[in-house]
Amino acid sequence: MDVLFIHNNFPGQFVHMAQAFAQRPGARVFAVGSPTARPRPGVTLARYALPKDPPKPGHPLVERFTSDVVRGELAGAAMQRLSQEAGCDPALIVGHSGWGETLFARDIFPEAKQVVYSEFFYNYRNSDVGFDPEFPDGGLRTAARIRTKNAGMLTALAAADMGLSPTEWQKRQHPDFLWDRIQVAHDGVDVDAAAPNPDAQLRPAGVDRTFTAKDEVITFVNRQLEPYRGYHVFMRALPEIMAKRPNAQVLIVGGDGVAYGRPAPAGTTWKDTYLDEVRGRIDMSRVHFLGQIPKPDFLALLQISSCHVYLTYPFVLSWSLLEAMAAGCLIVGSDTAPVREAIVDGVNGRLVDFFDVVALAETVARTLAERDTLGAMRRAARQTALATYDLRVCLTRQMALLDGVMGAEPALQAAGPALVPVT
């Protein structure tokens, strides 16, 4: 049986599914991706090259769909090469629809069952756009841009046999008439690597000290330090937090760029914009910007954390929150819909209004003051991760769904020990 994965940044969310299929006797696994795609053992990868001079859209509002169609054509040509040169004849195609690469997969392999990874459907209301009054949404023009931005994903879903979303909230960002076609199965996190370790130590590059779980450490993690993940709110809360907790050390992880949303004004970064806003009111000797750090350091950071702050617009839920839960962190999170799917206030973490800087400062300070008495909350956070987000549990569900699409009985035993659920 041949299985084909399509992902701009392969393996992306498909790393474990691809590995599981590669371990099945008689299965051949193929992948298509852009120049950023990375090879994986047991997977035949075909990359496509992006054009130096992409075609111009006929109208500014279809710029995104034009880009999707270009990538769809290029990915389609890579699929044809796999068919002609490697004999790829997939029984199953699993593709991420976010860049348009799955648009023509049905036409190239009409007999294959197709699953579209439906990560995020854009909405003008009750979602990320217009959520933050600090960044006005632009009115009707923005609404029109958002509507046309979904064109490629809607076309891909129309050709698919099933959609797959990582969380219930992300599924329900899609139009309700599609809900019955979309199944929910999270990608999962490694709860064995992200686990409590009272002996953990972290000596970050450029910081002349070693941190342990005995220290009072506030942690904040973003891929990039930007408003979508609440960096501006966190920084505005720091003066009060640090005044209330004079021994607290603050470890901030994230790059200077933009992963989501609009860029900072020309010549600036969001990191510096909001740091400059509070710089004169915080003790900079206790605030450490670590940049983007290696995975072992990230895990150690969670293990020595006294209070982990996670804020987000209504948007894709970060793996880092789930890894923090698995590590048994005391979490203070934003009371936004994606976070509420994982955190129950007062049970496995604490939630505050995203925009309430005063409440955030008070809740973080209170959590630090009470940390020695909050063992039950730590254990509840880890138990949620074990029950709901453990890679083994999630991968078992994902593989069962994919087998079901093909009309096959789940072959979980053939996928190796990584699929054994935690009990």
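Which residues of H10 are buried? The buried residues of H10 are Ser-320, Leu-321, Leu-322, Glu-323, Ala-324, Met-325 and Ala-326, where buried means under 20% relative accessible area, exposed over 50% and partly exposed in between (1.4 Å probe, protein chains only).

## Basis of the model

This is a predicted model, in which local features need pLDDT of at least 70, side-chain atom pairs count only at pLDDT 80 or more, and totals for chains, interfaces and linings use all residues. Residues are numbered from 1 along each chain as its sequence is written, and side-chain values use heavy atoms, with hydrogens and water left out.

## The seven-stranded sheet

Seven strands form an open sheet with parallel pairing, in the order E3-E2-E1-E4-E5-E6-E7. Helices (H or I, at least four residues) and strands (E, at least two) are DSSP runs, numbered from the N terminus; two strands pair if DSSP finds at least two bridges between them. Strand E3 (43-47) and strand E7 (182-184) stand at the edges with a single partner strand each, so one side of each has no neighbour in the sheet. From one strand to the next, the twist averages 20 degrees. Strand E2 (residues 28-33) pairs with E3 in the parallel sense over five bridges, and Val-43 in E3 is the bridge partner of Val-29.

Helix H2 (residues 63-86) packs on the sheet and touches strand E1 (2-6), E2 and E3, contact being heavy atoms within 4.5 Å. The direction of H2 makes about 150 degrees with that of E2; axes are lines fitted to C-alpha atoms, for helices over the stretch in contact, and angles run from 0 to 180 degrees between N-to-C directions. Helix H14 (residues 391-405) also packs on the sheet, touching strand E4 (90-96), strand E5 (113-117), strand E6 (162-165) and E7, and its direction makes about 175 degrees with that of E6.

Gly-87 lies in the loop between H2 and E4 and is partly exposed, with a relative accessible area of 38%. Its C-alpha atom is separated by 9.4 Å from that of Asp-2, 85 residues apart along the chain. Not counting residues up to four places away in sequence, Gly-87 touches Asp-2, Arg-28 and Leu-82.

Glu-119 is found in the loop between E5 and helix H4 (140-149). Glu-119 is buried yet has no salt bridge, and the nearest side chain of opposite charge, Arg-223, is 7.0 Å away. A salt bridge is a side-chain nitrogen of Lys or Arg within 4 Å of a carboxyl oxygen of Asp or Glu. The side chain of Glu-119 does make a polar contact with the side chain of Gln-13 (3.2 Å); a polar contact is a pair of N or O atoms within 3.5 Å, and within protein one must be able to donate a hydrogen and the other to accept it, while residues adjacent in sequence count only if both atoms are side-chain atoms.

## Enclosed elements

Seven of the eight residues of helix H10 (residues 319-326) are buried, so H10 is largely enclosed by the rest of the structure. Its buried residues pack against E10, H9, strand E13 (307-310), strand E14 (331-334), helix H11 (337-340) and helix H13 (375-389). Gly-328, which follows H10, has a positive phi near 75 degrees.

Seven of the seven residues of strand E11 (residues 249-255) are buried, so E11 is largely enclosed as well. Strand E10 (residues 217-224) pairs with E11 in the parallel sense over six bridges, with Val-221 opposite Val-253 in E11.

Methods: Lys and Arg count as positive and Asp and Glu as negative; His and the chain ends are not counted.
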